Amino acid sequence: MTLHTTATSPVKHSKHSIPGFELRSVLLVAALAAGVAGAARAQTAPASPASPGSPPSQMAPSATPGAVPQNRTTPKDVEAAFNRADANKDGKLDRQEAEHLPAVAQRFEQIDTNHDSFISLAELTKAATGSGS
């Protein structure tokens, strides 16, 4: 007499995966990584020289590579910014008014060359353009 017994315990299949981490999640992470890598590459890629067919405004400057471009701020631009920041219209910027121009507020002591605790239009123009008015 042969006795056959069957095990009633369930067979467990081992899955080597993280719960809730599906293939589409892997694809999403891969796509995001590719996008970030592309964005980083675009930020660090060297500037290509202007093509011969480019309009003159698009031509690369003849300065040495890596040189800081010239400041293109005009005295008229400086005056307009100064007038917007000069809330009480007294013709000078105090520290509170300079807060409207964050770059000026950060360098207040350097721009205030006569150390009177105010920045005049002439002082701001000299700091922004490199020449007084």
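What percentage of the 133 residues of the chain count as buried? In this predicted model, 14% of the 133 residues count as buried, where buried means under 20% relative accessible area, exposed means over 50%, and partly exposed lies in between (1.4 Å probe, protein chains only). Residues are numbered from 1 along each chain as its sequence is written.

The secondary structure comprises six helices and two strands. Helices (H or I, at least four residues) and strands (E, at least two) are DSSP runs, numbered from the N terminus. From the N terminus on, the order of the elements is α-α-β-α-α-α-β-α. Of the contacts between residues at least 6 apart in sequence, 33% join residues at least 24 apart; contact means heavy atoms within 4.5 Å.

The largest nonpolar core is the next topic. A nonpolar core is a set of buried Ala, Val, Leu, Ile, Met, Phe, Trp, Tyr and Cys residues joined through side-chain atoms within 4.5 Å. The largest such core has twelve residues, namely Val-78, Ala-81, Phe-82, Ala-85, Leu-93, Ala-98, Leu-101, Val-104, Phe-108, Ile-111, Ile-119 and Leu-124. Helix 2 and helix 5 (108-111) are the elements that give two or more residues to this core, and helix 2 supplies the largest share, four residues. In soluble globular proteins, nonpolar side chains tend to be buried together. When residues up to four places away in sequence are not counted, Ala-98 touches Val-104, Ala-105 and Phe-108.

Helix 2 also packs against helix 6. The axes of helix 2 (residues 75-85) and helix 6 (residues 121-129) come within 9 Å and cross at roughly 130°, the axes being lines fitted to C-alpha atoms, for helices over the stretch in contact, with angles from 0 to 180 degrees between N-to-C directions. This angle makes helix 2 oblique to helix 6, since angles under 35 degrees count as roughly parallel, over 145 as roughly antiparallel, 65 to 115 as roughly perpendicular and the rest as oblique. From helix 2, the contact is made by Pro-75, Val-78, Glu-79 and Phe-82, and from helix 6 by Leu-121, Leu-124, Thr-125, Ala-128 and Thr-129. These residues divide into six nonpolar, two polar and one charged; Ala, Val, Leu, Ile, Met, Phe, Trp, Tyr, Cys and Pro count as nonpolar, Asp, Glu, Lys and Arg as charged, and the others, Gly among them, as polar.

Within helix 6, Glu-123, Leu-124 and Thr-125 are buried. Their cover includes helix 2, helix 4 (102-106), helix 5 and strand 2 (119-120). Helix 6 is followed by Gly-130, whose phi is positive, near 90°.

The loops complete the picture. Ala-87 lies in the loop between helix 2 and strand 1 (92-93) and counts as exposed, at 59% relative accessibility. The C-alpha atoms of Ala-87 and Glu-97 are separated by 6.6 Å, although the two residues are ten apart along the chain. Lys-89 is also placed in the loop between helix 2 and strand 1; Lys-89 is exposed, with a relative accessible area of 59%, and its phi is positive, near 55°, in a residue other than glycine. Ser-117, in the loop between helix 5 and strand 2, has a positive phi near 70° and counts as partly exposed at 43% relative accessibility.

Key:
This is a predicted model: local features need pLDDT of at least 70, side-chain atom pairs count only at pLDDT 80 or more; totals for chains, interfaces and linings use all residues. Side-chain values use heavy atoms; hydrogens and water are left out.
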